[in-house]
Amino acid sequence: MKHTVMLHGVIVGHSELEDRVPGSLEAAGRFRRGLGYELVQPVFRLFSEAVPMPGGEPMDEDKLERYHAARDRLGLSLVDASGRAVPTNVIHIADYGAEGVRLEVLLKDAT
């Protein structure tokens, strides 16, 4: 099912969130950038600078702390294909450029 990441009414991008274990609060999938992605890309590139390898350990704790603060201030939201809000605790876009871009979310409940 297609999910859309929004920034105050602007489409940031889409994902099928195809990598989800039923009953789990974590969901992830390939992320397709929307026109509004350029508004948030610097925040998520900051993460890739702090953690240079996907799934790796932080190399720059200061950048990682700045990333978390900036990400939390963005106010991103997630909606499903029917336009209903999907409650989340965290929305993260892993942007490693040529390595690919993935959407990772932590849901508030396992529905």
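Residues are numbered from 1 along each chain as its sequence is written. In this predicted model, local features need pLDDT of at least 70, side-chain atom pairs count only at pLDDT 80 or more, and totals for chains, interfaces and linings use all residues, while side-chain values use heavy atoms, with hydrogens and water left out.

Helix α1 covers residues 37-50, 14 residues in total. Helices (H or I, at least four residues) and strands (E, at least two) are DSSP runs, numbered from the N terminus. From its first C-alpha to its last, α1 reaches 20 Å, close to the 20 Å expected at 1.5 Å a residue; the expected span is 1.5 Å times one less than the number of residues. At V43, α1 bends by about 30°, the bend being the angle between axes fitted to the seven residues ending there and the seven starting there.

Buried residues (under 20% relative accessible area; exposed is over 50%, partly exposed in between; 1.4 Å probe, protein chains only) in α1 are Y37, V40, V43, F44, L46, F47, S48 and A50. The buried residues of α1 pack against the strands β1 (3-7), β2 (10-15), β4 (26-33), β5 (76-79) and β6 (88-95), and against helix α2 (61-74), where contact means heavy atoms within 4.5 Å.

Most residues other than glycine have a negative phi. H8, in the loop between β1 and β2, has a positive phi near 50°. H8 is exposed, because its relative accessibility is 66%. L17, in the loop between β2 and β3 (19-20), has a positive phi of about 45° and is not a glycine. L17 counts as buried because its relative accessible area is 10%.
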